[in-house]
Amino acid sequence: MATLILTVVGPDRPGLVRALSEAVAAHGGSWLESRMARLAGQFVGIVLVQAPEALLDDLRRLESQGLRIVAQTVPGDAAGGDTGRAPANVAANPVAAATMGPRLALEVVGNDRPGIVRDIAQILAGGGVNIEELTTGVVSGSFSGEPLFRVTALLRAPSEAAVDAMRAGLERLGNELMVDIQPAGDG
């Protein structure tokens with residue numbers, strides 16, 4: 001069995017998740033985790049599965065139905081999830097260190113403007129904060145009806161000092177942003 005990350009994009013229509021899940025199940029595979037959405041009329045999904053690599057042949061057949069599927073094999077036991085134990089090389093590996101620090105839930109809401117995601121991402125990356133999940137969208141303001149940009153994210157910070165620096169950096173973006181940072185569960 002291989003652990004595969006599948007990225008799927010194609011015109012949205014009923015039955016796409018069924019077709020993907022049937023292909024995985026037909027090979028005795030396990031559907032471990034997924035994120036899916038409809039964006040601009042397109043079905044977009046990321047799926048983590050454990051299945052024989054023969055699954056890739058069935059996925060190519062789904063491509064004939066208009067889906068574009070990219071498969072990436074996950075090396076070793078990287079798909080095993082967060083065990084809560086620091087890897088032996090965490091001090092030498094800043095990427096591993098970022099996955100071991102405090103887990104945070106971030107919400108940012110503000111006036112929509114070009115570059116807002118870039119500005120937030122620069123602040124996070126500058127402090128070594130890792131983005132584990134990110135959701136963005138434009139919503140209508142409850143009182144004004146003006147478009148508001150909303151970001152929700154699950155993050156890992158390498159230290160409490162990095163959390164403080166991130167908070168200060170986000171506050172410097174301006175008064176037009178409402179920022180909420182809370183501890184997140186370890187899930």
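A: Start with a definition: accessible areas come from the Shrake-Rupley method with a 1.4 Å probe. The model is predicted. On that basis the accessible surface of the protein chain comes to about 10,900 Å². Carbon and sulfur atoms hold 54% of that surface.

Q: How much of the protein chain counts as buried, and what is the cut-off?
A: Buried means under 20% relative accessible area. Of the 187 residues, 31% count as buried.

Q: Why is aspartate 58 called buried?
A: Its relative accessible area is 18%. The cut-off is under 20%, so aspartate 58 is buried.

Q: Where does aspartate 58 lie, and which residues does it touch?
A: Aspartate 58 lies in helix α2, residues 55-63. Leaving aside residues up to four places away in sequence, aspartate 58 touches Ala23 and His27. Contact here means heavy atoms within 4.5 Å.

Q: What is the secondary structure of the protein chain, and in what order do the elements run?
A: There are five helices and eight strands. From the N terminus on, the order is β-α-β-β-α-β-α-β-α-β-β-α-β.

Q: How do you know that the span of α5 agrees with its number of residues?
A: Helix α5 covers residues 160-172, which is 13 residues. The expected span is 1.5 Å times one less than the number of residues.

Q: Which residues of α5 are buried, and what puts them on the same side?
A: The buried residues are Ala162, Val163, Met166, Gly169 and Leu170. They cover an arc of only 130 degrees around the axis, so they sit on the same side of α5.

Q: What covers the buried residues of α5?
A: The cover includes β5 (103-111), α4 (116-126), β7 (147-156) and β8 (177-183).

Q: What follows α5?
A: Glycine 174 does, with a positive phi near 130 degrees.

Q: What makes β5 and β7 a pair?
A: Two strands pair if DSSP finds at least two bridges between them. Nine bridges join β5 to β7, so the two strands pair, and they run antiparallel. Leucine 106 has alanine 153 of β7 as its bridge partner. Glutamate 107 stands opposite threonine 152 in β7.

Q: How many bridges join β6 to β7?
A: Ten bridges do, and these strands run antiparallel. Glycine 137 has arginine 150 of β7 as its bridge partner. The hairpin of β6 and β7 has six residues between the strands, and its glycine 145 takes a positive phi near 80 degrees.

Q: In what order do the four strands of the open sheet stand, and which are the edge strands?
A: The order is β6-β7-β5-β8, with antiparallel pairing. The edge strands are β6 (130-140) and β8, since each pairs on one side only. The twist averages 15 degrees from one strand to the next.

Q: Which strands do α4 and α5 lie across?
A: α4 lies across β5, β6, β7 and β8, at about 25 degrees to β7. α5 lies across β5, β7 and β8, at about 165 degrees to β8.

Methods
Residues numbered from 1 in each chain as written. Predicted model: local features only at pLDDT ≥ 70, side-chain atom pairs only at ≥ 80, totals over all residues. Heavy atoms only, no water. Buried < 20%, exposed > 50% of the residue type's maximum accessible area, 1.4 Å probe, protein only. Arc of directions from axis to C-beta. Axes fitted to C-alpha atoms, helices over the stretch in contact; angles between N-to-C directions.
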